[in-house]
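Visitor: I am new to this structure and would like to learn how to read it. Please start with the sheets, then go on to the ligand.

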Amino acid sequence: MIPYGRQDISQADINSVIEVLQSEFLTQGPKVPEFEAALASYCSARYAVAVNSATSALHLACLALGVGKGDVVWTTPITFVASANCALYCGASVDFVDIDSKTYNMSAGALEEKLVKAEKLGVLPKVVIAVHLSGQSCEMVKISALSKQYGFKIIEDASHAIGGRYKGLPIGGGQYSDITIFSFHPVKIITTGEGGAALTNNEFLADKMKCLRSHGVTRDPSLMTKEPDGEWYYQQLELGYNYRMTDLQAALGLSQLSRLDSFVSKRHEIAAIYDKELAELPLALPWQHPDTYSGLHLYIIRLKSTDVSHQVLFSELRAKGIGVNLHYIPVYMQPFYQAMGFTRGYCEEAESYYREAISLPIYTGLQRSEQSQVVSALVDALR
Ligand SMILES: *Cc1c(COP(=O)(O)O)cnc(C)c1O
């Protein structure tokens, strides 16, 4: 099976992990701060906080922004469940804003309409989580202007988008949001096995997330409520977690980060071939907003034929060893969310996307011959 995505591990990546295995520290050593500094520098952000997954990063980001009981967090339905679950971890509730018909990201227009209504009802969101689907940035200028008008904070879920750009600047630089999070799961653009990071330009938010990722404990005397009792002293200031990244993961991340630009270029080469070879088929190919340079984590097509059903196309491609996938089932259509009262038809654009979307294989190791197999299989199925 040709998968829809997979990691790219070089000998240099392997060597960097082995080096840590032979060193003094497997965790809480020098590699995590080194990786954080490299991430911050790559994205032109002031602070990066590395953690054990993007899910943890989303949780810490919500906590740092003060999300709690009685608050509402808004996100898009076309995302992985983690983008919504993080609000529930904090005791807040979640609501969904419909997507744009061209980018499949949260629609800035739909967001504005929903804000107007929410203001009248007195139920404005505390935080909006903008997800850069497939690696293409949301319309952050518009969303950021709305945040100032309506007083909400912004988290960018850039799990798909490291290495991408918005208006010429790296995603993660925080020009239009409070916190940006990345995922380093093996299917994503760079990997640490499991892992994630939260980037911000705000020192308070960075300190808060660093404290919370390690039990809410500090060894920094300047943050303590009293003089240390002695050299051994530490204080727990709040209820935190163990969301730490290991030095093994950070070493892999550092090595992968040095290859990031070449990864993204390769993804663009693969996408350009699909763009060309699928142009005549009854499909909507990925549309790129001129303000964006996508990380291209995903190459999503939409079926525009009435002759072939979505399900049939899926099974035909899978039967031919093409590991197509669907990103994503609208989050509120999950049984867990349906039990919270969300019903079918809640976001029409998202549901129509769900009836048509297919993610084709795209990853740096995808061979030209394999890509031709994908194209032929699609041509056969749609002819
Ligand atoms: C993968 C992903 C996550 C979760 O990432 P983990 O590192 O696996 O926790 C969150 N949001 C989106 C959009 C993702 O694609």
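Guide: Strands (E, at least two residues) and helices (H or I, at least four residues) are DSSP runs, numbered from the N terminus. Two strands pair if DSSP finds at least two bridges between them. This is a predicted model, in which local features need pLDDT of at least 70, side-chain atom pairs count only at pLDDT 80 or more, and totals for chains, interfaces and linings use all residues. Residues are numbered from 1 along each chain as its sequence is written, and side-chain values use heavy atoms, with hydrogens and water left out.

Visitor: Which residue in strand 15 is the bridge partner of Ile300?

Guide: Ser359 is the bridge partner of Ile300. Strand 14 (residues 299-303) pairs with strand 15 over four bridges, in the antiparallel sense.

Visitor: In what order do the strands of that open sheet come?

Guide: The order is 12-14-15, three strands with antiparallel pairing. Strand 12 (283-284) and strand 15 (357-360) are at the edges with a single partner strand each, so one side of each has no neighbour in the sheet.

Visitor: Which strands stand at the edges of the sheet with strands 7 and 13?

Guide: Strand 7 (169-170) and strand 13 (292-293) themselves stand there; each has a single partner strand, so one side of each lacks a neighbour in the sheet. This open sheet has three strands in the order 7-6-13, paired antiparallel. Two bridges join strand 6 (residues 165-166) to strand 7, and Tyr166 stands opposite Leu169 in strand 7.

Visitor: How far from an oxygen atom of the ligand is the side chain of Thr55?

Guide: A polar contact is a pair of N or O atoms within 3.5 Å. An N or O atom in the Thr55 side chain is 2.5 Å from a ligand oxygen atom. For the side chain of Ser183 the distance is 2.8 Å, and for a backbone N or O atom of Ala54 it is 2.9 Å.

Visitor: How much of the ligand does the protein bury?

Guide: Accessible areas come from the Shrake-Rupley method with a 1.4 Å probe. Alone, the ligand exposes 390 Å², and the protein buries 92% of that.

Key. Polar contact = N/O pair within 3.5 Å; in protein donor to acceptor, adjacent residues only side chain to side chain.
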